[in-house]
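User: I am new to this structure and would like to learn how to read it. Please take me through some features one at a time.

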Amino acid sequence: MKKNVVLILCCVLLLAVLSACRSDKKVEDVAISVMLVDGAPLLSMTYMMSDEFAGIDGYDISFTMTNDSDALVTALLNEEPDFAIAPINIAAMMNNNGSGYRLAAVTIWGIMHIVSDQDVSTLEDLKGETIVAFGRSGTPGITLRSVLRQNNIDFDEPDSANFTPAPDRISIIYLTAASDVRDAIATGMDVGGKPVSFGLLAEPVATAITGFANNAGRAGFTAKINLQTEWARNNNGEIYPQAALIFHERLLTDNAGFVNEFIAMAEQSSIFANNNPIEAGDLAVSLDSIAIPNGTVVGNAHSAGRLPMSFAYAADVKIIVNAYLQAFMDENPNLIGGRMPEDSFYYVKE
């Protein structure tokens, strides 16, 4: 009998020790990587990237911000980030080429504007003029050319700045980056025989150009023509999506619940930016943004209706996204991976 009691006590002690060992062992959080490009895409994620964000239990979320859109594309091709904020055509391309990314939501809508120091208000006013633009094969260039075609306005794309503009057409000169357009305006770069008077810029740089140009001695530059408005006029009033939240479908194997939770948190972060643009802009500055000068500029752009940041789930805006991607198909199918995305591209919460 005593032997049985001792045996039972030993078993109880062993179980207690094993239980203690299990409770002391730390379970590692699942590492999650998020990548985005500096600028407007950053604004929708500033709250999640700030110290105010408590995180999601069981997950170690890290954010990478880059000033190089090519770096984002390379990372996506290598299937490195779990989540990303990417241009809508890049999102479709990654899905079509088998990289495994799916569209969760649109976070940033059309933010492209033609800025000028001239008294213009319509695209017709630009005939005979030259626009300095960027992103020839990306969202800026595709959107600009699509809007011009929709309005039956002819355009030329000279290979150099040394040319004579046609009086009945718009000339477009492409530079490498938005910063080059900004600098061309500030320096009064010579295009078509006279200093730059028209540039294509995205918000919030389109608003910031006023102060930047003033400081360079070129006063009067402001956002004059909103490509979002021009697009809507010819597309049943629908605006175009510019940047989107995407995720790699590998997460759905073991972390489907987390995917939904992350998307919900991203929605709250977007709502914060939309309701508090000045604070979101200041947070971006605290995160070492180069593209965001200060919260006041963001607030001014937002209040003027030039920086739409409303969050929309992919399944709810499928028709709008497809209409925009069709513009890329018409221009060059390779810009979205050779074909329109299948229904599986649009994530529906499970």
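**Reading a helix, then its surroundings**

Analyst: Helix H14 has 14 residues and reaches 20 Å from its first C-alpha to its last, close to the 20 Å expected at 1.5 Å a residue. The expected span is 1.5 Å times one less than the number of residues. Helices (H or I, at least four residues) and strands (E, at least two) are DSSP runs, numbered from the N terminus. This is a predicted model: local features need pLDDT of at least 70, side-chain atom pairs count only at pLDDT 80 or more, and totals for chains, interfaces and linings use all residues. Residues are numbered from 1 along each chain as its sequence is written, and side-chain values use heavy atoms, with hydrogens and water left out.

User: Which residues in H14 are buried?

Analyst: Buried means under 20% relative accessible area, exposed over 50%, and partly exposed in between (1.4 Å probe, protein chains only). In H14 the buried residues are Ile320, Val321, Tyr324, Leu325, Ala327 and Phe328. Seen down the axis of H14, they fall within an arc of 135°, so they line one face of the helix. The arc is taken from the directions from the helix axis to the C-beta atoms. The face turned away from the buried side of H14 carries the exposed residues Ile319 and Asp330.

User: What do the buried residues of H14 pack against?

Analyst: A contact means heavy atoms within 4.5 Å. The buried residues of H14 pack against helix H5 (88–96), S4, helix H6 (139–150), H9 and S13.

User: How many aromatic pairs does the structure hold?

Analyst: Rings of Phe, Tyr and Trp (its six-membered ring) pair if their centres lie within 6.5 Å; planes under 30 degrees apart count as stacked, over 60 as edge-to-face and the rest as tilted. The structure holds 13 aromatic pairs. One of them joins Tyr240 and Tyr324, which are stacked at 5.0 Å centre to centre with 20° between the planes. Tyr240 lies in the loop between helix H9 (227–233) and strand S13 (241–248) and Tyr324 in helix H14 (residues 318–331), so this pair ties together parts that are 84 residues apart in sequence. Tyr240 is buried at a relative accessible area of 0%, and Tyr324 is buried at 1%.

User: What kind of pair do Phe311 and Tyr313 form?

Analyst: Phe311 and Tyr313 are edge-to-face, 5.2 Å centre to centre with 80° between the planes. Phe311 is buried, with a relative accessible area of 15%, whereas Tyr313 is partly exposed at 31%. Elsewhere, Tyr59, Phe83, Phe247, Phe258, Phe262 and Tyr347 form one aromatic cluster.

User: Which residues does Thr107 contact, leaving aside its neighbours within four places in sequence?

Analyst: Thr107 is found in strand S4 (residues 101–109) and is buried, with a relative accessible area of 1%. With those neighbours left aside, Thr107 is in contact with Ser44, Ile85, Ala243, Ala244, Leu245, Ser270, Pro308, Met309, Ser310 and Phe311.

User: Is His248 buried or exposed?

Analyst: His248 lies in strand S13 and counts as buried at 7% relative accessibility. Not counting residues up to four places away in sequence, His248 touches Glu79, Pro81, Asp82, Ser99, Gly100 and Tyr101.

User: Where does the backbone hold a cis peptide bond?

Analyst: The cis peptide bond joins Glu203 and Pro204, with omega about 5°. Pro204 lies in the loop between strand S11 (198–202) and helix H8 (205–215).

User: What is the phi of Asn152, and what is that of Asp288?

Analyst: Asn152 has a positive phi of about 55° although it is not a glycine. Asn152 sits in the loop between H6 and strand S7 (155–156) and counts as exposed at 67% relative accessibility. Asp288 has a positive phi of about 70°, and it is not a glycine either. Asp288 is in the loop between helix H12 (277–286) and helix H13 (295–303) and counts as exposed at 62% relative accessibility.

User: How many helices and strands does the protein have?

Analyst: The secondary structure comes to 14 helices and 14 strands. Of the 350 residues, 47% count as buried. The C-alpha trace spans about 110 × 45 × 30 Å along its principal axes. Of the contacts with a separation of 6 or more, 76% are between residues 24 or more positions apart.
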